[in-house]
Amino acid sequence: RNSSAASDVYKRQPLRLKVLAAAFGIAISVVSYRRWLKPWQARWGATDEEISMTLPGDAFLAEPTAELTRAITIEAPREEVWPWIVQLGADRGGFYTYDWVENLLGFDVHSADDIVEQWQDLGIGDVVHMDRARTSGWYVVELRPREALVLKLADLAAGRPLERDEKLHWEFLWTFALLDAPGGSTRLLVRERVAFGSALIEFLFAPVGLGSFVMTRGMLLGIKSRTEARGSRSSYTSA
């Protein structure tokens, strides 16, 4: 009987070692991301001044756990960049990034290559949907034409933005700000402010930051390429 028990313990050792190795690997990955990769991707393209400046909408999420500001220069004036921003949404112009990644998650996004007149009407309280089925998204909490669009993660069932002390225990603010730049160009800043209701949720969401960087970088480049390819054309198409 003692021999059988010892045999069972021996057989369980490889599984325990695998679990410990996996846990150790995850911990190392999270620590490495926070120490080396996050500081670089969290400010991709942004200057020290842009990172430190107050942007429209910052007050909608006080005392964030983390704030990321990324930026790009677009060789066009703000009035030519703004129409691409205002038609964001899975059921509208898309997000101008990697549609295939979003569609692997079931969002059914198809980014537009044109400015569509019907998608230019957006106001405070409207929802910018994350998926074409309109099951998730962000509320428009501030909108300044040709200057800023501020979105906050929505609790659509409750009809209001999510707060850090309820449900998922996190809140998220997404700001798109346009600044004049030399030579008639535009600086497009995308800022994320996030807060967590528990240390566990913050830890579990750490790897999401890398995905956020990849998709945000793709979006910035997508908006830049579409705006600059369009040039000075001002006509809209129909949906």
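## Getting started

Two strands pair if DSSP finds at least two bridges between them. Helices (H or I, at least four residues) and strands (E, at least two) are themselves DSSP runs, numbered from the N terminus.

What you see is a predicted model, in which local features need pLDDT of at least 70 and side-chain atom pairs count only at pLDDT 80 or more, while totals for chains, interfaces and linings use all residues. Residues are numbered from 1 along each chain as its sequence is written, and side-chain values use heavy atoms, with hydrogens and water left out.

## The chain as a whole

The protein chain holds six helices and seven strands. Reading along the sequence gives the pattern α-α-β-α-α-β-β-β-β-β-β-α-α.

How much of the chain is buried? Of its 239 residues, 44% count as buried, where buried means under 20% relative accessible area, exposed means over 50%, and partly exposed lies in between (1.4 Å probe, protein chains only). The protein chain exposes about 12,800 Å², and carbon and sulfur atoms supply 58% of that area; accessible areas come from the Shrake-Rupley method with a 1.4 Å probe, and for residues only the protein chains shown count as cover. A contact means heavy atoms within 4.5 Å. Among contacts in the protein chain with a separation of 6 or more, 63% are between residues 24 or more positions apart.

Let us turn to β7. Twelve of the twelve residues of strand β7 (residues 185-196) are buried, so this strand is largely enclosed by the rest of the structure. Both of its faces are covered: one side carries S185, R187, L189, R191, R193 and A195, the other T186, L188, V190, E192, V194 and F196, and all are buried.

Which strands are joined to β7 by bridges? Strand β1 (residues 66-74) is joined to β7 by nine bridges, and the two run antiparallel. Twelve bridges join β6 to β7, also an antiparallel pair; here W174 stands opposite E192. β6 and β7 form a hairpin with three residues between the strands, where G183 takes a positive phi near 75°.

Strand β3 (residues 137-144) is mostly covered, with seven of its eight residues buried. Three bridges join β3 to strand β2 (residues 127-129), and these strands run antiparallel. Within that pairing, V127 has Y139 of β3 as its bridge partner.

On to β4 (residues 148-155): six bridges join this strand to β3, again antiparallel. R144 stands opposite A148 in β4. The two strands form a hairpin with three residues between them, and R146 in the turn has a positive phi of about 65°.

## Aromatic rings

Rings of Phe, Tyr and Trp (its six-membered ring) pair if their centres lie within 6.5 Å; planes under 30 degrees apart count as stacked, over 60 as edge-to-face and the rest as tilted. By this rule there are seven aromatic pairs. One of them is W138 with W174: their ring centres are 4.8 Å apart and their planes are at 45°, so the pair is tilted. Because W138 lies in strand β3 and W174 in strand β6 (residues 170-181), the pair ties together parts that are 36 residues apart in sequence.

Are these two residues buried or exposed? W138 counts as buried because its relative accessibility is 8%, and W174 is buried too, with a relative accessible area of 8%. Both belong to one aromatic cluster, formed by F95, W138, W170, F172, W174 and F176.

## At the surface

Y98, W100, L104, L105, L210 and V214 form a nonpolar patch on the surface, with about 640 Å² of accessible area together. W100 is found in α4, and counts as exposed because its relative accessibility is 58%.

## A loop residue, R43

Where does R43 sit? Its place is in the loop between α1 (2-41) and α2 (48-52). R43 is partly exposed, with a relative accessible area of 32%. Not counting residues up to four places away in sequence, R43 touches D48, I51 and T69. R43 and L68 are 25 residues apart in sequence, and their C-alpha atoms are 6.2 Å apart in space.

Conventions. Patches are made of residues with over 30% relative accessible area and no salt bridge: like charges are joined within 9 Å, nonpolar side chains (Val, Leu, Ile, Met, Phe, Trp, Tyr) within 5 Å. A salt bridge is a side-chain nitrogen of Lys or Arg within 4 Å of a carboxyl oxygen of Asp or Glu.
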